[in-house]
Amino acid sequence: MLLSLLLCSCGGKNATENKEAENAKPALMWIDAEANFARFQNRDSIDYYLQKIKSLGFTHAIVDVRPITGEVLYDSKLAPRMEEWNGAKRGDFDYLGYFIEQGHKLGLEIHASLNVFCAGHNYFDRGVIYSQHPEWASMVYDPEKGIVPITEMKQDYGAMVNPVNDEYRTYILGILTEVVTKYPALDGVMLDRVRYDGIRADFSDLSRKKFEEYIGKKVDKFPDDILTWQKAAEGNRYVPVLGKLANKWIEWRTKTIYDFMVQARETVKAANPEISYGTYTGAWYPSYYEVGVNFASNTYDPSLEYSWATPEYKNFGYAELIDLYATGNYYTDITLEEYSRTNNVVWNETDSQGQTGTWYCVEGSCEKLRTIMGDNKFMGGLLVSQYFDNPSKLTDAVATNLQKSDGLMVFDIVHIIDHNLWNEVEAGMRKGGAL
């Protein structure tokens, strides 16, 4: 009788656990290539941290295999392999293959992250743009230097590529095909930096030609008809002033990114129909037009709310193309109530100007994203380094993203390890219902 009760009890517990696992929201842990290079070139580190994130309720590991240098962390016939970083040598094993093997043993999904329109690191003068293809560098319109290659902008770490460069697009699509073909057991790809550098890019002769073809006429004053710079009233900085063709230019850039996302999805799915097609973007939609990206649903019309959106802009919302979408709610204010007290001005990485409003807290961002994403799911992302000075807020950010979005994305594991923030992450996972 005791044995029967024990068996029934165990069966009931397992059924409950299985039910909870089925209903759990996805929780993604991002593993950056460069920042984690030394630590994760050891198999035992991979074993340990995969087990660690699994024990905390994470369901996915996003493994960066093409950092901003354009080098890759696997044996490629197309791209140079990253042999060392900051003095650390690569391990003598299949990096991505081992993540897939060990992750699957634990029931984790393994997705490969690749930086798309970036191929160099400006801090180190390193990468594909520096060593092989300087002609791929995006031409940026700087208020003081004029139109120059992005490799001259040393304050910006990422050497971005012009998204309309057909030679480069063929090259990066080949790399995507190579990854999903070489690793058939891979669960998905997560595309990063599928965008322009910012509102100042790209002002090359090639972009001018492509834009003129799009609008069917010559641009009389380039770049003034699109953009000029004006010195701000305070501080040593400039603000953009949009010209008469700016909104059409914004539309064209967004179509450029949309067309690539369509092409990349078709390429990936042709190589492996079962693989997940994912991407990461910043969550700050009101200013994300500056990088040429419309990640909203194609049912949402931004021209009803935003002056920079033409009526055609809505045609290039790509949410419906994405199987796994992560977006960065990178805000230090968590709740709407908190933001109403602080009214912080937020400077996101790609913004030319500071931003304010209810978008710029985690809760408010999630509510707004629900509107523009329609029925499409999104994983609310957080940047761990924003909470070094106030670790309890990391707990709240984890919990709020889990509660208010369709899942969680944490960037990056190195921040948690180096600052020993595992307890705060675990508390947030419990509070958010993932544990």
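In what follows, a residue is called buried when its relative accessible area is under 20%, exposed when that value is over 50%, and partly exposed in between, with a 1.4 Å probe and protein chains only. By this criterion Val262, which is found in helix 7, is partly exposed because its relative accessible area is 21%. The structure is a predicted model, in which local features need pLDDT of at least 70 and side-chain atom pairs count only at pLDDT 80 or more, whereas totals for chains, interfaces and linings use all residues. Residues are numbered from 1 along each chain as its sequence is written, and side-chain values use heavy atoms, with hydrogens and water left out.

Helices (H or I, at least four residues) and strands (E, at least two) are DSSP runs numbered from the N terminus, and two strands are taken to pair if DSSP finds at least two bridges between them. On this basis, 8 strands close into a barrel in the order 1-2-5-10-13-14-15-16, with parallel pairing. From one strand to the next the twist averages 25 degrees, where axes are lines fitted to C-alpha atoms, for helices over the stretch in contact, and angles between N-to-C directions run from 0 to 180 degrees. Strand 16 (residues 408-411) runs parallel to strand 15 (residues 379-383), to which 4 bridges join it, and strand 16 also pairs in the parallel sense with strand 1 (residues 27-31) over 3 bridges. Within strand 16, Val410 is the bridge partner of Leu382, while Met409 is the bridge partner of Gly381 and also of Leu28.

Helix 7 (residues 246-271) lies across strand 10 (188-192) and strand 13 (276-282), and runs at about 150 degrees to strand 13. Helix 3 (residues 95-105) is largely enclosed by the rest of the structure, because 8 of its 11 residues are buried, namely Tyr95, Leu96, Gly97, Tyr98, Phe99, Ile100, Gln102 and Gly103. The cover over these buried residues, counted by contact (heavy atoms within 4.5 Å), includes strand 1, helix 2 (43-55), strand 2 (60-66), strand 5 (109-115) and helix 5 (166-182).

Helix 11 (residues 391-404) has 14 residues and reaches 20 Å from its first C-alpha to its last, close to the 20 Å expected at 1.5 Å a residue, the expected span being 1.5 Å times one less than the number of residues. The buried residues of helix 11 include Lys393, Leu394, Val398 and Leu402, and the buried residues of this helix pack against helix 9 (336-342), helix 10 (362-373), strand 15, strand 16 and helix 13 (422-431). In helix 12 (residues 413-418) is found Asp418, which counts as partly exposed because its relative accessibility is 49%.

Strand 13, strand 16 and helix 12 are the elements that give two or more residues to the lining, and strand 13 contributes the largest share, with 3 residues. The search also finds 2 cavities of 30 Å³ or more in the whole structure. The largest cavity has a volume of about 50 Å³, and helix 7 gives the most to its lining, with 4 residues.

Most residues other than glycine have a negative phi, and most peptide bonds are trans. Arg193, in the loop between strand 10 and helix 6, has a positive phi of about 55 degrees although it is not a glycine, and Arg193 is buried because its relative accessible area is 13%. A cis peptide bond with omega of about -5 degrees joins Ala201 and Asp202, and another, with omega of about 10 degrees, joins Phe222 and Pro223.

Conventions: 1 Å grid on protein atoms, 1.4 Å probe; cavity = no way out; pocket = protein on both sides within 12 Å on 5 of 7 lines; lining within 4 Å. Points joined across faces, edges and corners; volume = space filled by probe spheres on them.
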